[in-house]
There are 2 protein chains.
Amino acid sequence: MTARIAPAEAGPGRLAQTGLAQEPVFLMARAASMGSSQANRGLGDLGLKVRHYSVLALACSDEGPTQRELSAFLVLDPSQIVAIIDELEERGAVQRQADPRDRRSKIIVPTPEGRMLYARAKEVVDAATERSLAALSPAQREELTRLLRMAAF
Amino acid sequence: MTARIAPAEAGPGRLAQTGLAQEPVFLMARAASMGSSQANRGLGDLGLKVRHYSVLALACSDEGPTQRELSAFLVLDPSQIVAIIDELEERGAVQRQADPRDRRSKIIVPTPEGRMLYARAKEVVDAATERSLAALSPAQREELTRLLRMAAF
DNA sequence: TATTGTTATACTCTATAACTATA
DNA sequence: TATAGTTATAGAGTATAACAATA
């Protein structure tokens, strides 16, 4: 038998009580989507997007990541990494450096300008995160971060 | 002064100890990306993607969502909803129904076939979620879900 | 005048294959 | 023979504007 359809009884969060709204896949997608559009809005003023920010942040970590490593870590195609680094390099924020132990690969390092840009970008991203997670207490944010780390690696 | 660059000391999770890897925006993006590609892999066998699954799930909730509501809730453009529903409708999984209270909008309802498809798809998604969150205990998964709900709405 | 669904279109993002230089 | 980076290109996803029907 076919259940009678409740004819759209208006109300803000009607669909938020649905089964889908309890599923981690959906919740992560939605939270990620909202979070990165928040961050992108802020980063736009610096002429950056989250992807550029991510590469810049990893360059500034002084781990000397290769493009291949950036590709794997950010789950972006190697050819996309090329484009992102081209833009950051033209802008004078990072440089491609020869890897002494494998001349095929290139290590991405920040310029002094890149470090300054990163510092400003990080503030913007932190502020966006603040807005995204406004409903959570500091302890809850830490717990969320901890659990996400377990899920993401 | 310029810090000396650690010349890529290999090792699996080098970049996972970086500052970026502690930021919620990044972690959510990465977890969401991995989660939905897991789900998409499984749903492919049913000829579905997460977006179709999501619409189908909401249709099966018997909340009688309008396309506009689906658009807002799934953070997808109204024109994308049109395409998704076209496909689900051609496939006989959902139908567009007139909204008695506003003849501009259309309520999306599942067919019996749509409900069966959803049942199978849900199993697939649950299995994918299981794999994605394998590192978390049941209690941790519940806590993650709870915190994500707070962040996502 | 504003809104829902629709269409068409452009834009961005992502994925694939082929090439080079190294290993 | 395999891998890192690069390039070109095609495919998927997203955003924008305009239109008809209805509010």
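This is a predicted model: local features need pLDDT of at least 70, side-chain atom pairs count only at pLDDT 80 or more; totals for chains, interfaces and linings use all residues.
- Of the atoms of DNA strand D that come within 4 Å of the protein, 71% are accounted for by sugar and phosphate.
- At least two residues of the surface near DNA strand D are supplied by each of helix H3 (67-74) of chain A, helix H4 (78-90) of chain A and helix H4 (78-90) of chain B, and H4(A) gives the most, with 3 residues.
- Sorted by class, the residues of the surface near DNA strand D are 10 charged, 6 polar and 3 nonpolar.

**Surface near DNA strand C**

- DNA strand C is surrounded by 19 residues, of which A:Arg51, A:Asp77, B:Gln67, B:Arg68 and B:Lys106 are the closest.
- Sugar or phosphate makes up 67% of the atoms of DNA strand C within 4 Å of the protein, while the rest belong to bases.
- Two side chains of chain A reach the phosphates of DNA strand C, with a polar side-chain atom of A:Lys49 at 3.0 Å from a phosphate oxygen and a polar side-chain atom of A:Gln80 at 3.0 Å from a phosphate oxygen.
- A base of DNA strand C is also contacted, in that an N or O atom in the side chain of B:Arg104 is 2.9 Å from a base oxygen.
- Two or more residues of the surface near DNA strand C come from each of H4 of chain A, helix H3 (67-74) of chain B and H4 of chain B, and H4(B) gives the most, with 3 residues.
- The surface near DNA strand C comprises 10 charged, 6 polar and 3 nonpolar residues.

**Helices H1 and H5 of chain A**

- In chain A, the axes of helix H1 (residues 24-43) and helix H5 (residues 112-132) come within 9 Å and cross at roughly 140°, and because of this angle H1(A) counts as oblique to H5(A).
- The crossing in which H1(A) passes H5(A) is right-handed.
- On the H1(A) side the contact is made by A:Met34, A:Gly35, A:Gln38, A:Ala39, A:Gly42 and A:Leu43, and on the H5(A) side by A:Ala121, A:Val124, A:Val125, A:Ala128, A:Arg131 and A:Ser132.
- The contact of H1(A) with H5(A) consists, by class, of 7 nonpolar, 4 polar and 1 charged residues.

**Helices H1 and H5 of chain B**

- In chain B, helix H1 (residues 24-44) and helix H5 (residues 112-132) have axes that come within 9 Å and cross at roughly 140°, so H1(B) is oblique to H5(B).
- H1(B) and H5(B) cross in a right-handed sense.
- Residues B:Met34, B:Gly35, B:Gln38, B:Ala39, B:Gly42 and B:Leu43 of H1(B) meet B:Ala121, B:Val124, B:Val125, B:Ala128, B:Arg131 and B:Ser132 of H5(B), and the residues of this contact divide into 7 nonpolar, 4 polar and 1 charged.

Note on methods:
Residues are numbered from 1 along each chain as its sequence is written. Chains are lettered from A and ligands numbered from 1 in the order in which they are written. Side-chain values use heavy atoms; hydrogens and water are left out. A residue is near a molecule or strand if one of its heavy atoms lies within 4 Å of it. Helices (H or I, at least four residues) and strands (E, at least two) are DSSP runs, numbered from the N terminus. Ala, Val, Leu, Ile, Met, Phe, Trp, Tyr, Cys and Pro count as nonpolar, Asp, Glu, Lys and Arg as charged, and the others, Gly among them, as polar. Axes are lines fitted to C-alpha atoms, for helices over the stretch in contact, and angles run from 0 to 180 degrees between N-to-C directions. Angles under 35 degrees count as roughly parallel, over 145 as roughly antiparallel, 65 to 115 as roughly perpendicular and the rest as oblique. A crossing is left-handed if the near helix is turned anticlockwise from the far one by less than a right angle, and right-handed if clockwise. Contact means heavy atoms within 4.5 Å. A polar contact is a pair of N or O atoms within 3.5 Å; within protein, one must be able to donate a hydrogen and the other to accept it, and residues adjacent in sequence count only if both atoms are side-chain atoms.
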